[in-house]
Amino acid sequence: MNTLLRFALFASAFSLIAIAPASRATEPNWVPTASWPNNPEANEKQGTRAFTILREHNIQAVAVASAGVTLNVGETQATEARKLLAKAIIAENLRIDLLDDQGKLIAPAEILTPRTPK
């Protein structure tokens, strides 16, 4: 009986480990959204404010840094994140650069101005 109980526990633990990865949510496809210089002052003022704005709207973001900091968000939330940050750049004089999905600079006015179909 003891051996049967041990085997049952082992089998259930193995099945949980084998099945669990398949049930996990997939990672978002991260795209660049904004950037700023990588220095303590900019990180504290600009970076903290950018993360706060996104967090207030339940947008998950990650930053990657070397000479500069690049703020990345999930592809499905990138448009909303850029609009929020564009408004902050104009209203609060937030000193960050907005980036399109390919990492090229984009002006806040381009994001906030509705596009007219051709």
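Modeller: Hello! To start with a definition, two strands pair if DSSP finds at least two bridges between them. Helices (H or I, at least four residues) and strands (E, at least two) are DSSP runs, numbered from the N terminus. This is a predicted model, in which local features need pLDDT of at least 70 and side-chain atom pairs count only at pLDDT 80 or more, while totals for chains, interfaces and linings use all residues. Residues are numbered from 1 along each chain as its sequence is written, and side-chain values use heavy atoms, leaving out hydrogens and water.

Colleague: Thanks! How many bridges join E1 to E4?

Modeller: E1 and E4 run antiparallel, and Ala-34 stands opposite Leu-98 in E4. The number of bridges joining E1 to E4 is two.

Colleague: How far apart are the end C-alpha atoms of helix H3?

Modeller: The expected span of a helix is 1.5 Å times one less than its number of residues. H3 has 15 residues (78–92), so it should span 21 Å. In agreement with this, its end C-alpha atoms are apart by 20 Å.

Colleague: Is Arg-82 buried or exposed?

Modeller: Arg-82 is found in helix H3. Buried means under 20% relative accessible area, exposed over 50%, and partly exposed in between (1.4 Å probe, protein chains only). Because its relative accessibility is 9%, Arg-82 counts as buried.

Colleague: Which side chain is joined to that of Arg-82 by a polar contact?

Modeller: A polar contact is a pair of N or O atoms within 3.5 Å; within protein, one must be able to donate a hydrogen and the other to accept it, and residues adjacent in sequence count only if both atoms are side-chain atoms. Here the distance is 2.6 Å. The partner of Arg-82 is Asp-101.

Colleague: Which helix supplies the largest share of the lining of the largest pocket?

Modeller: A pocket is an open set of points on a 1 Å grid over the protein atoms alone, where a 1.4 Å probe fits, with protein on both sides within 12 Å along at least five of seven lines; lining residues have an atom within 4 Å of a point. Arg-82 is among the residues lining the largest pocket, as are Thr-79 and Lys-83. H3 and H4 each supply at least two lining residues. The largest share, three residues, comes from H3.
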